[in-house]
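Hello,

Here is the structure I promised to pass on. My notes follow below it.

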There are 2 protein chains.
Amino acid sequence: MSIQKLIDSLQKHINLNRQEQEMLTDFLVLKIIKKKQFFLHEAQIAKEVAFVVSGCLRSYSIDQNGFEHILQFAPTGWWITDMYSFISQQPTHLNIDALMDTEVYLLSRQNQLQLFDKIPKLERYFRIITENSLVGSRQRLIDNLSLTASQRYANFCTTYPTLIHDLPQKLVAAYIGVTPEFLSKLRSGVAKSKKS
Amino acid sequence: MSIQKLIDSLQKHINLNRQEQEMLTDFLVLKIIKKKQFFLHEAQIAKEVAFVVSGCLRSYSIDQNGFEHILQFAPTGWWITDMYSFISQQPTHLNIDALMDTEVYLLSRQNQLQLFDKIPKLERYFRIITENSLVGSRQRLIDNLSLTASQRYANFCTTYPTLIHDLPQKLVAAYIGVTPEFLSKLRSGVAKSKKS
DNA sequence: CGCGGGTTTGATGATGCTCAAGCCCGGTGG
DNA sequence: CCACCGGGCTTGAGCATCATCAAACCCGCG
């Protein structure tokens, strides 16, 4: 059963008994998002957070020149939503779509808050998940402020060794923050990097 | 009493009775950090998170060229630490120091985790604080990926209208991610921005 | 006073973007 | 089976943004 992937993730941080697991399951909805379909679209409200069972989602913003900037890839075992919209219930500025057919469990903010009251351990779980997300987001910011494009690319290759193979390069470029053309030049060694 | 600033922050999200407030207070340590002194230094372990009662701290990383990149300013009412080091108890790569004489309450990770068990509402409080930090960090990342230096500066001025006055420009530069020289040119209007 | 840190200004240079062309390659329809 | 299409990738010339380095200035403070 696909719910097992989610239970596994929970058990890394907290212990839920059978009954609690079932109560949680009652608050979840399983959904398939087909390749290129949206989980969340600009100006919508993020009613739910998604747990990826299989496949891969990505979140990205579009700037005033029409360029996409990818904030997060969410392969199996990851949670994804626009936290801003999710907690404020204001319209989002992000898009989240599927890079391939993807299976997710959806948890609405309402249900999440109810679960926090019924099963305080879940509040702990999400506190920990959010702490870890914050660490990741901060590190990404540091990298963008400190590293050159070529260093960020090298970084990406070591951080996502699996993704790197079956991901179009234009998506990698949109993640590390360069144009596809420039990434191509980086890879061909035309642009010289001072260190590593 | 200075503890009131902290209680006020808590009461925005949760309700603590007298007894709970006192229990919390028992886990806190009040400390003065003088201007230019460090709250956290590279290679140390972030044993505590700090709540700023008065004054202002900042966190920053130093890249391989010796440049400082400021991640966060923490004026009155803000929490600050290196979340990575704080939750993993691994050595930090960041520095946190005081821009002026600053009064803080310190809460150790140990004490925090104990409090989460004794007063689950505090776990809720920090869950919310962390969610908000994540939103801020993500937005900062989007800005760095999407905006030009001049737009980021304009952004900073509207976001921190108070800080902007009594903050040396080199710190503003280290926050928005440009050299002090270039920020100076931005301000003098030498560099032209396409929009806004 | 004179020192020193912050700021300004200018000349030069590197990083990464823009635009345009060409290539590769898998898919599709005739 | 082939011809064509389109999307992704590459390559190159020119350009914008921002960094580097050096000099001068300003101004509070000892």
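**How the copies meet**

The two copies meet through the same surface, because 100% of the interface residues of chain B are also interface residues in chain A. This is a predicted model, where local features need pLDDT of at least 70, side-chain atom pairs count only at pLDDT 80 or more, and totals for chains, interfaces and linings use all residues. Residues are numbered from 1 along each chain as its sequence is written, while chains are lettered from A and ligands numbered from 1 in the order in which they are written.

Chain B superposes on chain A by a rotation of 180 degrees with 0.0 Å of shift along the axis (RMSD 0.0 Å).

**Confidence**

pLDDT is the predictor's confidence in each residue, from 0 to 100. Chain A has a mean of 94, and 96% of its residues reach 70 or more. Over residues 191–196 of chain A, pLDDT is below 50. Where pLDDT is low, the predicted coordinates should not be read in detail.

**DNA strand C**

There are 19 residues around DNA strand C (near: C-beta atom, placed from the backbone, within 6 Å). Ala149(A), Phe182(A), Gln169(B), Lys170(B) and Ser184(B) come nearest. H8(B) gives the most to this surface, with six residues (helices are DSSP runs of H or I, at least four residues, numbered from the N terminus).

Best wishes

Methods
Helix = DSSP H or I, 4+ residues; strand = E, 2+ residues; numbered from the N terminus. Contact = placed C-beta atoms within 7 Å. Least-squares fit on C-alpha atoms with pLDDT ≥ 70 in both.
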